[in-house]
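User: I would like a close look at one part of this model, starting from a single residue. Please go on from there to the charged pairs.

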Amino acid sequence: LDTLEKWVTEIFSEIPNNGLPKPSFGHLTQPFDTPEFHKLYRVVPIRKVHSLTITWALPPQEQYYRVKPLHYISWLVGHEGKGSVLSFLRKKFWALALYGGNGETGFEQNSTYSIFSISVTLTDEGYKHFYEVAHVVFQYVKMLQKRGPDQRQVIWEEIQKIEANEFHYQEQTDPVDYVENLCENMQLFKKEDFLTGDQLLFEYKPEV
């Protein structure tokens, strides 16, 4: 560490600090306020696969990293057990897999917006009924919205424990990737959360 610190000091100390504030684009709150966003697009894939992806543009969620509301919603949407969207679609022989969430990359989550997507891998029969598949997804989201999170703190705590276990027992990662990820976290989270802010859930706030 002493050697590394010496190298960093030698290499970077001559770079001037202009004292400029970090640029913010938070005033650009409606980047998808365009008729082109509210449309159905059909794309012919290279390989033989049917996939339906529904995308919502939400207000920025970075500030809620201690709550992780999108992670919570994606957990519910991606559930595969009894009563889930995927379970229902599989009984209809319409879907093979379902994924919902936010990739937490700079494109999908930033100071301007947060993207939330639900992607369904369809069967040939499901492709013929993709309007009905979309309807089922919207029905499920509407149900979550109507019931609210108040009755599901147990689920949130379950997610919290699972993420904590994964964090504590994670395999050692490549040092370069780890440092790169840590540097990115330093731009997003408070100092005490640099190591954990992108993985752990800290606070249950149903209003968020």
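In which segment is Leu 1 found?

Analyst: Leu 1 is found in the segment before helix 1 (2–12). Helices here are DSSP runs of H or I with at least four residues, strands are E runs of at least two, and both are numbered from the N terminus. The model is predicted, so local features need pLDDT of at least 70 and side-chain atom pairs count only at 80 or more, while totals for chains, interfaces and linings use all residues. Residues are numbered from 1 along each chain as its sequence is written, and side-chain values use heavy atoms, without hydrogens or water.

Leu 1 is exposed, at 84% relative accessible area. The classes are buried (under 20%), exposed (over 50%) and partly exposed in between, with a 1.4 Å probe and protein chains only.

Leu 1 also belongs to a nonpolar surface patch of about 810 Å². Patch residues have over 30% relative accessible area and no salt bridge; nonpolar side chains (Val, Leu, Ile, Met, Phe, Trp, Tyr) are joined within 5 Å, like charges within 9 Å. Areas come from the Shrake-Rupley method with a 1.4 Å probe, and for residues only the protein chains shown count as cover.

Now the charged pairs. A salt bridge puts a side-chain nitrogen of Lys or Arg within 4 Å of a carboxyl oxygen of Asp or Glu. By this rule there are seven salt bridges.

One of them joins Asp 193 to Arg 66, at 2.7 Å from N to O. Asp 193 sits in the segment after helix 7 (175–188), and Arg 66 in the loop between strand 1 (50–58) and helix 2 (69–77), so this pair ties together parts 127 residues apart in sequence. Asp 193 is buried, at 3%. Arg 66 is partly exposed, at 23%.

Glu 203 and Lys 205 form another salt bridge, at 3.4 Å from N to O. Glu 203 is partly exposed, with a relative accessible area of 26%. Lys 205 is partly exposed too, at 37%.

Glu 80 and Arg 90 also pair, at 3.9 Å from N to O. Glu 80 lies in the loop between helix 2 and helix 3 (85–91), and Arg 90 in helix 3. The two are ten residues apart. Glu 80 is partly exposed, at 48% relative accessibility. Arg 90 is partly exposed as well, at 37%.
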